[in-house]
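Please read them with the sequence and structure open.

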Amino acid sequence: MQKPKVNEHLVHTSSMYSIYDSEDFSISEVHVEKENFSEQSVGHAIVENSIIENVIFQNSEFTKIEFTDVVLMNCDFSGSQLDEGLFHRVIFKNCKLMGTNFEDSYFRNVLFEDCLLDMVNFHGADFKELHFAHSRLNEADIDMARLQKTKFMDCELESVNFNGTSLNRIDLTTCSFQQIETSQHFLKGVIVNDLQALNLAQQFLGIQLN
């Protein structure tokens, strides 16, 4: 996976509110820290080559937003709308994204690490080189999505909705769940450990062990 191309020596201290100073709602090469940007509405904003940390974005609307070469640390996007977004070489580190809407978004070389993603909506999203590491995605919707070179590493996946999403070659062995929402057809080729295989057999085949 390609990492964000951010030159820490070039970024300058700024504010998320500076995005309103540009006609095309764009900011580049900025370092934003400790700010409340909640309940904002910005259409088709562009954020590039930047570091954003300890910023609250709760309940904001960022439809069709574009993040390219961005590192986000300790940010809170809970309840926000980021549908139809484009995320290219982005790291979300220790972020809260509970109930965040990423419907129909594109992800290229993106990492979610140590993040809370319960009830997040990835419906219809397109993943390529997207990695989830040490994160919680309980009751998330990853339905009707396309997973290319997607990795789930040591994640909680309880009751994740994978309906309509092929799990072929997706390795879930380091993750924890008792059940996931999908059908047998889309489970073909999924890689699971012994306990997960038993749970899936009980869920989908009705097999019970004494």
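1. Two rings of Phe, Tyr or Trp are counted as a pair if their centres lie within 6.5 Å, and planes under 30 degrees apart make the pair stacked. In this predicted model, a search of the whole structure finds 28 aromatic pairs.

2. One of the aromatic pairs is formed by Phe 87 and Phe 107, with 4.9 Å from centre to centre and 10° between the planes. That angle is under 30 degrees, and the pair is classed as stacked. Phe 87 belongs to strand β6, whereas Phe 107 belongs to strand β7 (residues 106–113), so the pair ties together parts 20 residues apart in sequence.

3. Buried or exposed, at its relative accessibility, is Phe 87? Phe 87 is at 0% and counts as buried. Phe 107 is also buried, with a relative accessible area of 0%.

4. Phe 102 and Phe 122 form another stacked pair, at 5.2 Å centre to centre and with 10° between the planes. Phe 102 sits in the loop between β6 and β7, and Phe 122 in the loop between β7 and β8 (126–133); the pair links distant parts of the chain, 20 residues apart. Both Phe 102 and Phe 122 are buried.

5. Ser 78 is found in the loop between β5 (66–73) and β6 (86–93). Its relative accessible area is 13%; because the cut-off for buried is under 20%, Ser 78 counts as buried. Leaving out residues up to four places away in sequence, Ser 78 touches Gln 58, Asn 59, Lys 96, Leu 97, Met 98 and Thr 100.

Key
Residues numbered from 1 in each chain as written. Predicted model: local features only at pLDDT ≥ 70, side-chain atom pairs only at ≥ 80, totals over all residues. Heavy atoms only, no water. Helix = DSSP H or I, 4+ residues; strand = E, 2+ residues; numbered from the N terminus. Buried < 20%, exposed > 50% of the residue type's maximum accessible area, 1.4 Å probe, protein only. Contact = heavy atoms within 4.5 Å. Phe/Tyr/Trp six-rings, centres within 6.5 Å; stacked < 30°, edge-to-face > 60°.
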